[in-house]
Amino acid sequence: MALSEGELQGKIVLITGSSRGIGAACAITMAREGADVVVNHRDSQADAESVAETIHGLGQRALIIQADVSDGRQVADMVGRAIGAWGRIDVLVNNVGRHATHRYAIESMNLDEWHESLRVNLTSHLLCIQAVVPGMLDRRWGRIVNIGSIVAQRGSGSGDVFYVVTKAGVHGLTLAVFRQLASSGIAVNTVSPGVIDTPMTRRVLSAQELQVRAQGIPVGRIGRAEEVAEVVSFLASERASFVTGQLIAVNGGQYV
């Protein structure tokens, strides 16, 4: 699904949580396809600057904006700054997400963690969609890609109830929104990665656990962030104009 050079030429892309992992891979892959990228982070300026430097090296513009995208006022400010600098946002990639800091039995779940997971993993996506959609409606063109997770389809072996529920909600949000926007030229899809080698994955799973997970994947290995980014780039392009409301799995055959 690799794109020919320049598929996203001239597009303005906003990617939440794009200083590391899948978000950073999306930023660099989409810049390689010709997009200018708003690199969002909450507390990782050095990583964001590294991503921006790579984007500049590809001949594209990068705008770093620090914002907690689970806060509506910060989202409005971020989108306003991006539009003020570059005039519009063509593509939104809702990538930001978090795992719970602890695992809880269902009967002793920590409600503070529950609300924080909802706020970061789901509310943030809604806030960003609300902020960018008016401009997309005016231009009658837009792409929104929500990053879900395989756990939404098969549950979590590590018992992270918060992550499973909120990631299931991500595709629910896609399904709730896409019909309203489809006739206006705005496509909304979910990309659902399996086990992907990212800093967050390595914080949650030990090297031994990753090895065990790899043995359960038909292709025999865990995925790379760049492999997710290729699918996101396709969904952001003109070539995906008839693809909306879909959940696209990138999991090496782990869940069929």
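At what angle do the axes of helix α4 (residues 111-139) and helix α6 (residues 161-182) cross, and within what distance do they come? In this predicted model, the two axes come within 9 Å and cross at roughly 20°. Because angles under 35 degrees count as roughly parallel, α4 is roughly parallel to α6. The crossing in which α4 passes α6 is right-handed.

On the α4 side, the contact is made by E113, W114, S117, L118, N121, L122, H125, L126, I129, V133 and L137. Helix α6 contributes F162, Y163, V165, T166, G169, V170, L173, V177 and L181.

The discussion now turns to the nonpolar cores. The largest nonpolar core has 36 residues, of which I15, M30, I55, V93, V191 and V232 touch the most other members. Two or more residues of this core come from each of β1 (12-15), α1 (21-32), β2, α2 (45-57), β4 (91-94), β5 (142-147) and α9 (225-236). Apart from this core lies another, of 28 residues, including I129, M136, L173 and I186.

V93, one of the residues touching the most other members of the largest core, is in contact with V13, L14, I15, T16, M30, V145, I147 and V232, leaving aside neighbours within four places in sequence.

H41 counts as buried because its relative accessibility is 2%, where buried means under 20%. Residues up to four places away in sequence not being counted, H41 touches S19, A48, I64, I65, Q66 and A67.

How values were computed. Residues are numbered from 1 along each chain as its sequence is written. This is a predicted model: local features need pLDDT of at least 70, side-chain atom pairs count only at pLDDT 80 or more; totals for chains, interfaces and linings use all residues. Side-chain values use heavy atoms; hydrogens and water are left out. Buried means under 20% relative accessible area, exposed over 50%, partly exposed in between (1.4 Å probe, protein chains only). Contact means heavy atoms within 4.5 Å. Axes are lines fitted to C-alpha atoms, for helices over the stretch in contact, and angles run from 0 to 180 degrees between N-to-C directions. Helices (H or I, at least four residues) and strands (E, at least two) are DSSP runs, numbered from the N terminus. Angles under 35 degrees count as roughly parallel, over 145 as roughly antiparallel, 65 to 115 as roughly perpendicular and the rest as oblique. A crossing is left-handed if the near helix is turned anticlockwise from the far one by less than a right angle, and right-handed if clockwise. A nonpolar core is a set of buried Ala, Val, Leu, Ile, Met, Phe, Trp, Tyr and Cys residues joined through side-chain atoms within 4.5 Å.
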